[in-house]
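This report concerns the structure displayed below. Please consult the model alongside the text.

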Amino acid sequence: MYNWADTLHLTNRVLEAAPLLPFIAGYLRRMNLPPLYRLVYYYVGAKSLFYMLDVVSRSVFRNNVYLFHLSTIVTVLLLSWVYYRLIDLVAVKKLLPPAIGVFMLVAVADALFLNKLFIDINSYSQACGSTILITLSLLHILQLSRSVQLLEQQPEFFFSIAVLVYSAYSVVTYVASNIIYSAGYDKATNIRLDTIISAPDALLYAVHMGMLAWMFSFFPLSINPRQALPYWLHYSRWRQRAHKLLGNNILPGIYS
């Protein structure tokens, strides 16, 4: 019989599939995405791939820690490159490359010496990367607020809100998880505490991906919805069966 912990665990597992939503939304519009937003599409594509690798790693290797290290690097590099092109401040153009260099050093040290690639999740590199992304998202929102166009009419606004929402809490999850698994609790207690800590993170991750899907909705579809259906599903080719009597249509005006 399921208890609250099992239900919460199942909910977390379902929310982890959130990247599939913006990936599908971006895929349907991939031909009409500006080059800058294709980077975001590649980001959600990478996160979708990490989700599938996570499922395999849990069931086959019983270890998915390495994916946290790799995912953080991909996330920070791709999203920082988007902000490098979005933000007009000269200071950002000058300071962002060395900041990314520092992040990469922290990420390598975290994977090799601090938390280890297969031992603990990367709380140090996540904290460093999230600090960079939070700063960039705030600067970008400030830049957008000076525009005459309403914020809700700008797709990049939803991008920055998505980044800010998730990055602001993810550090808490990573640090808390490391503390829990280093505290010496028994396995069952570790799993339950990890489930509780991960629940807000999973929810905000789903919100993060939902906002990116909303951002993609600003762009037109690459193909007409009717043309996207298989040939045999085109409703324009469906015909009602003619009702005949002695070889003649009963309603010739409709079925003739």
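Predicted model: local features only at pLDDT ≥ 70, side-chain atom pairs only at ≥ 80, totals over all residues.

Residues are numbered from 1 along each chain as its sequence is written, and side-chain values use heavy atoms, without hydrogens and water.

According to the unreviewed UniProt entry, the annotation "transmembrane region" covers residues 36-53, 65-84, 96-115, 127-145, 157-181 and 202-223; such annotations may be inferred rather than shown by experiment. Two of these spans are described here.

Helices are DSSP runs (H or I, at least four residues), numbered from the N terminus. Helix α6 (residues 123-145) and helix α7 (residues 155-181) have axes that come within 8 Å and cross at roughly 155°. The two helices, α6 and α7, are therefore roughly antiparallel (an angle over 145 degrees). Their contact involves 14 nonpolar, nine polar and one charged residues.

Helix α3 (residues 35-61) packs against helix α8 (residues 187-216) at about 145°, the axes being 11 Å apart. Among the residues in contact (heavy atoms within 4.5 Å), Tyr 37, Val 40 and Lys 47 belong to α3, and Tyr 205, His 208 and Phe 216 to α8. By class, ten nonpolar, one polar and one charged residues form the contact of α3 with α8.

Conventions: Axes fitted to C-alpha atoms, helices over the stretch in contact; angles between N-to-C directions. Parallel < 35°, antiparallel > 145°, perpendicular 65-115°, else oblique. Nonpolar A, V, L, I, M, F, W, Y, C, P; charged D, E, K, R; others polar.
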